[in-house]
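Please read the following report with the sequence and the model side by side.

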Amino acid sequence: MSATPASRRQGRLLTLWAPEDKSFWEREGEAIAKLNLWISVPALFLAFAIWQVWSVVAVSLPGLGFKYSTNQLFWLAAAPALSGATLRIFYSFMVPLVGGRRWTAISTASLLIPAIGIGFAVQDNTTTYPTMLILALLCGLGGGNFSSSMANISFFFPKERKGSALGVNAGLGNLGVSVVQFLSPLVVTAGIFGIFGGEGQTIVKNGQTVQVWTQNAAFIWVPWIALTALAAWFGMNDIADAKASFAAQAAIFKRKHNWLMCVLYLGTFGSFIGYAAGFPLLIKSQFPGVNPLAYAWLGPLVGAVIRPFGGWLADKLGGARVTLWNFIVMAVAVMGVTFFLPSGGPGGNEGQFAGFFVCFLVLFLTTGIGNGSTFRMIPVIFLTEAMRGVDKHNAAAVASANKEGNTLGAATLGFTAAMAAYGGFFIPKSYGSSIALTGSPHAALWTFFAFYLVCIVITWWTYARKHAEMPC
């Protein structure tokens, strides 16, 4: 006789969770999983918004009177990715240690620190560069949330639904990158917070003196962060079976597929977050006559919106097949970007912004599809590996293997996300270093091309070819 729904809960703790059991899933599991997903999505959205707010703020600082060099501005744009990636390493293991509900609420509330700090700092153009750098690093609190969020959601859904669920969580969460780049130029044009928002700043724009409230780019998120943290605390669930020690999760460090998927996810999500962080400054440095904030938000929007489709497509066609062809298109697209960039020296040209922009939109599109397909591959790989050699008629053995596969898959989701987030640092910094050393970003883009070739080989050999070691 099955247990009643009441016996499965102790407050917000789910003491029995069996998403692979179809009757359980249809009876109550799906409704609970969807509720947790739809609270997780806005929490992750806000995390990405705070993480990437510096990609907008950094562009605006010179006009506000901050005396920072171009390289310092690229550092400010890249710093949140550096700290966010590092925090993700620790966040990867927090859900089984603390609980998904608790950690989502706590980590979301922590976003108030950089949001409020930035709002005050940008109002004074004598704020020192080290202070700004610290605030940029604190934006990494938003970057860290991705690892714990994805690990948490992976526990709620059955194997055949993980790709779609993770795609929705990450894809709609990733929209925070695009929305912050689109919304910020609008909210800074008026003192929407009145006496609570501080004084405006005077800048020169298109030859005219105008007043802006740059602090609004950060303050606009404060009430939503507070509300979402409360919703997570009172509306989400912890899963008892998701509990695991750090030692149990640390087994991923001995698994080859953890490290291979780190490389592949660096190629997809690392590209997405790196291109998003560096896109406004790259446009401004290479096409001075173009307003970067009028275009930069479209790239992350495309990448975020298409991500759920990437997860769905991988569920239908197989993650490895989608990932392989995705990397091939990425390699072609990055070469297109180099072709349309300005080239200096004798016989150089001013570049073609339209071609450059279209190629970058293709790159963002492929980063989104690849994000979804690679994250579908990870749980399938570890569940398949755990089930090999297990007697399907032994219920206890199957349950144990499923728990091991889900635990290691969730830990790998978080850890690969941590490693991939360093792309948000290296891509903008590569632009800055390449421009400083050679006068153009071409060298950086050729490096990205070579890396995509490596990803193509890994995907084909290990996961996509006939008789591959781990078809997925």
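At what angle do α1 and α7 pack, and how far apart are their axes? The angle is about 170 degrees and the axes lie 9 Å apart, where axes are lines fitted to C-alpha atoms, for helices over the stretch in contact, and angles run from 0 to 180 degrees between N-to-C directions.

This is a predicted model, in which local features need pLDDT of at least 70 and side-chain atom pairs count only at pLDDT 80 or more, while totals for chains, interfaces and linings use all residues. Residues are numbered from 1 along each chain as its sequence is written, and side-chain values use heavy atoms, with hydrogens and water left out.

**Helix packing**

Two packed helices are described by the angle between their axes and the distance between the axes. For the pair α1 and α7, packed at about 170 degrees, the angle makes α1 roughly antiparallel to α7 (angles under 35 degrees count as roughly parallel, over 145 as roughly antiparallel, 65 to 115 as roughly perpendicular and the rest as oblique). Helices (H or I, at least four residues) and strands (E, at least two) are DSSP runs, numbered from the N terminus. Contact, meaning heavy atoms within 4.5 Å, is made by residues including Trp25, Leu37 and Trp51 of α1 and Gly140, Phe146 and Phe156 of α7. By class, this contact has 11 nonpolar, seven polar and no charged residues (Ala, Val, Leu, Ile, Met, Phe, Trp, Tyr, Cys and Pro count as nonpolar, Asp, Glu, Lys and Arg as charged, and the others, Gly among them, as polar).

Helix α18 (residues 423-438) packs with helix α19 (residues 442-464) at an angle of about 140 degrees, and their axes are 7 Å apart. This makes α18 oblique to α19. On the α18 side the contact is made by Ile427, Ser430, Tyr431 and Ser434, and on the α19 side by His442, Ala443, Ala444, Leu445 and Phe448.

**Cavities and a pocket**

Rolling a probe the size of a water molecule over the atoms shows where empty space is left. On a 1 Å grid over the protein atoms alone, a cavity is a set of points where a 1.4 Å probe fits but cannot get out, and a pocket is an open set with protein on both sides within 12 Å along at least five of seven lines; lining residues have an atom within 4 Å of a point. Grid points are joined across faces, edges and corners, and a volume is the space filled by probe spheres set on the points. The whole structure holds two cavities of 30 Å³ or more.

| Space | Volume |
|---|---|
| Largest cavity | about 80 Å³ |
| Second largest cavity | about 40 Å³ |
| Second largest pocket | about 330 Å³ |

The lining of the largest cavity takes its largest share, five residues, from α4, and it has four nonpolar, eight polar and no charged residues. The second largest cavity is lined by residues that include Val95, Asp238 and Lys243, and its lining has five nonpolar, three polar and two charged residues. Helix α17 (residues 395-421) gives the most to the lining of the second largest pocket, with six residues.

**Leu298**

Leu298 is found in helix α14 (residues 298-317). At 25% relative accessibility, Leu298 counts as partly exposed (buried means under 20% relative accessible area, exposed over 50%, partly exposed in between, with a 1.4 Å probe and protein chains only). Leaving aside neighbours within four places in sequence, Leu298 is in contact with Phe357 and Leu361.
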